[in-house]
Amino acid sequence: MTDRLHPTRTIVTGASGELGQAMARQLAQPGAQLSLWGRDGEKLAAIAAQCRAQGALVNVRSLDLTDVAGAVAALLAEDDACPFDMAIFASGLGDIRAQGALVEDPAQVARLIQVNFTAPAAMAAALAGRMAGRNSKGRLVLISSAAAFHALPFAASYAGSKAGLSRFTDSLRIAMRPHGVSVTLASPGFIDTAAGRAVPGARPMPLSPEEAARRILRAAMAGRKGMGRAHLVTPWHFALLRLFDRALPRFLRDRLLRSLAPPGW
């Protein structure tokens, strides 16, 4: 990463997760100011120490994004104190329906939608308006998933919440572009994290958290006049799978998606 890829003040949500930690490490350098948010206070303290060792000024906030109103209020309070140049919404939960169940537990559905869609969308909207108002040419990065391209019957809330976030992000990008605010959607495939490995099923072409973070940050800084790429799908094979899903007749697509469920599900 070169100096021009490092905004002065950045918030990273999900910074106690492996992707968020990788983002923070790659952004940390002398002069950088990082606000790292996550649920796990111990992991937050560890990544904050690493970033400070690289010269960054760091503050941390431990919170649960299921409290959406509290998260938005905390975000705006921090932005009041020192405006953000960049926000990376990397928090997220992944899960599938319980083995033997026909559908996911309603509480699980609500939790995944709050963390994967409602909270990042609300926070991005709150910050986008402020960035546009101060003509800061700020940057917003929202992390979706290649799963958003497919109607996964064993992971409906995960795929659905990420699909909602994807459509919201693209809409926000269109609205913000005339105001100089860059909005980038990232849809990675499988990232090799402990949380991901805990969910049964195949994980082809996995990216390390560091590689996924590098690609996402590059995309956020790329594009015409540095406005960022509109949409990063990585690895590129998942873009082809998206087209394949769209091209298949519905009955074949449905049969294929059912076949992807882990054995016994």
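These exercises with worked solutions concern a predicted model.

**Exercise 1.** Work out what span helix 4 (residues 106-133) should have, and compare the result with the distance between its end C-alpha atoms.

Solution. Helix 4 has 28 residues. The expected span is 1.5 Å times one less than the number of residues.

**Exercise 2.** Describe helix 4 from its N-terminal end to the residue just after it.

Solution. Start at the N-terminal end, which Asp-105 caps. A side-chain oxygen of Asp-105 lies 2.9 Å from the backbone nitrogen of Ala-107. Next, at Gln-114, helix 4 bends by about 45°. Finally, just after the helix, Asn-135 has a positive phi of about 50°.

**Exercise 3.** Classify the packing of helix 4 against helix 5 (residues 156-176), and state which kinds of residue make the contact.

Solution. First take the axes: they come within 8 Å and cross at roughly 10°. Angles under 35 degrees count as roughly parallel, so helix 4 is roughly parallel to helix 5. Then list the contact residues, among them Leu-112, Phe-117 and Ala-121 of helix 4, and Leu-165, Phe-168 and Lys-162 of helix 5. Sorted by kind, the contact holds 15 nonpolar, five polar and one charged residue.

**Exercise 4.** Find which residues the cis peptide bond joins, and locate Pro-235.

Solution. The cis bond joins Thr-234 and Pro-235, with omega about -10°. Pro-235 sits in the loop between strand 7 (231-234) and helix 8 (237-247).

Methods:
Residues numbered from 1 in each chain as written. Predicted model: local features only at pLDDT ≥ 70, side-chain atom pairs only at ≥ 80, totals over all residues. Heavy atoms only, no water. Helix = DSSP H or I, 4+ residues; strand = E, 2+ residues; numbered from the N terminus. Bend = angle between axes of the 7 residues up to and from the residue. Polar contact = N/O pair within 3.5 Å; in protein donor to acceptor, adjacent residues only side chain to side chain. Axes fitted to C-alpha atoms, helices over the stretch in contact; angles between N-to-C directions. Parallel < 35°, antiparallel > 145°, perpendicular 65-115°, else oblique. Contact = heavy atoms within 4.5 Å. Nonpolar A, V, L, I, M, F, W, Y, C, P; charged D, E, K, R; others polar.
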